[in-house]
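User: Got a structure to go through with you. Can we start with the loops and work inward from there?
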Amino acid sequence: MDSKELLNLIRFVAKAGVSEVKYKTKDFEINIKTPLAGSEAVSYVPQPVAYQAPAAAPVAAPAAAPAAETKTESTSDDSKYITIKSPMIGTFYRKPSPDKDVFVNVGSEVKNDTVVCVIEAMKLFNQIEAEVSGKIVKILVDDASPVEYDQPLFLVDPS
């Protein structure tokens, strides 16, 4: 199995939403395990401030409302941008290696075939291309962070 077939298998497992896949031939065997979709969402739900400090609940509730409105406004501004998403589960890297420069920064012009990052999955380093033309306006993931399938990585202004 070459790296392209392996990448396709990883994408299939990510899209299928299964928790485990075993693939075996006479030459090799691979076992891919993913967390169940429902269990991961529960473990990352933050507790609201009002529940942590009941005495401060009346003060915290009005303060939280403007923050939510601000977030909604910024989301509507982001709608004019194109999102570059992760095609796989893995670890996101902005550089091809630790001693090299980053692929792109905010303000960098990209084309369809411009490599914007590398995602490492099962010791394979996969170069991710922009697949759109425009200017990088926001980098949404920290270097060396784990990423999920279809997770937004960059915002690109196509104009």
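User: Where does Ala144 sit?
Analyst: Ala144 is in the loop between strand S8 (134–139) and strand S9 (145–147). Bear in mind that this is a predicted model.

User: What is the phi of Ala144?
Analyst: Positive, about 65°, although Ala144 is not a glycine. Most residues other than glycine have a negative phi.

User: Which loop holds Lys123, and what is its phi?
Analyst: Lys123 is in the loop between S6 and S7. Its phi is positive too, about 70°, and Lys123 is not a glycine.

User: And is Lys123 buried or exposed?
Analyst: Exposed, because its relative accessible area is 71% and the exposed class begins over 50%.

User: One more loop residue. Where is Ser86, and is it buried or exposed?
Analyst: Ser86 is in the loop between S3 and S4. It is buried, with a relative accessible area of 1%.

User: What does the side chain of Ser86 reach?
Analyst: The backbone oxygen of Glu148, at 3.5 Å.

User: Which residues does Ser86 touch, leaving out those up to four places away in sequence?
Analyst: Ile119, Val147, Glu148, Tyr149, Asp150, Gln151 and Leu153.

User: Zooming out. How many helices and strands does the chain have?
Analyst: There are 4 helices and 10 strands. From the N terminus on, the order is α-β-β-α-α-α-β-β-β-β-β-β-β-β.

User: How much of the chain counts as buried?
Analyst: 26% of its 159 residues.

User: Aromatics next. How many aromatic pairs are there?
Analyst: The structure holds 2. One is Phe92 with Phe154, a tilted pair with 5.9 Å centre to centre and 55° between the planes.

User: Which strands does that pair tie together?
Analyst: Phe92 lies in strand S4 (residues 90–93) and Phe154 in strand S10 (residues 152–157). The pair therefore ties together parts that are 62 residues apart in sequence. Both Phe92 and Phe154 are buried.

User: What about Tyr93 and Phe125, why is that pair tilted?
Analyst: Their ring planes are at 40° and the centres are 6.2 Å apart, so the pair is tilted.

User: Staying in S7, is Asn126 buried or exposed?
Analyst: Asn126, in strand S7, is buried at 14% relative accessible area.

User: What surrounds Asn126?
Analyst: Beyond residues up to four places away in sequence, Asn126 touches Leu7, Met88, Cys117, Val118, Ile119 and Ala121. A polar atom of its side chain also lies 3.3 Å from the backbone oxygen of Leu124.

User: Now Val115. Where is it, and is it buried or exposed?
Analyst: Val115 is in strand S6 (residues 115–121). It is buried, with a relative accessible area of 18%.

User: How far apart are the C-alpha atoms of Val115 and Glu129?
Analyst: They are separated by 4.2 Å, while the two residues are 14 apart along the chain. Glu129 is also among the residues Val115 touches, including Phe103, Val104, Gln127 and Ile128.

User: Last topic: the second largest pocket. What volume, and which residues lie nearest its centre?
Analyst: About 220 Å³. Of 14 lining residues, Lys85, Pro87, Ile128, Glu129 and Glu131 lie nearest the centre.

User: Which element gives the largest share of the lining?
Analyst: S7, with 4 residues. Helix H1 (3–16), strand S3 (82–85) and S7 each supply at least two.

User: And the lining by class?
Analyst: 7 nonpolar, 3 polar and 4 charged residues.

Notes:
Residues numbered from 1 in each chain as written. Predicted model: local features only at pLDDT ≥ 70, side-chain atom pairs only at ≥ 80, totals over all residues. Heavy atoms only, no water. Buried < 20%, exposed > 50% of the residue type's maximum accessible area, 1.4 Å probe, protein only. Contact = heavy atoms within 4.5 Å. Phe/Tyr/Trp six-rings, centres within 6.5 Å; stacked < 30°, edge-to-face > 60°. Polar contact = N/O pair within 3.5 Å; in protein donor to acceptor, adjacent residues only side chain to side chain. 1 Å grid on protein atoms, 1.4 Å probe; cavity = no way out; pocket = protein on both sides within 12 Å on 5 of 7 lines; lining within 4 Å. Points joined across faces, edges and corners; volume = space filled by probe spheres on them. Nonpolar A, V, L, I, M, F, W, Y, C, P; charged D, E, K, R; others polar.
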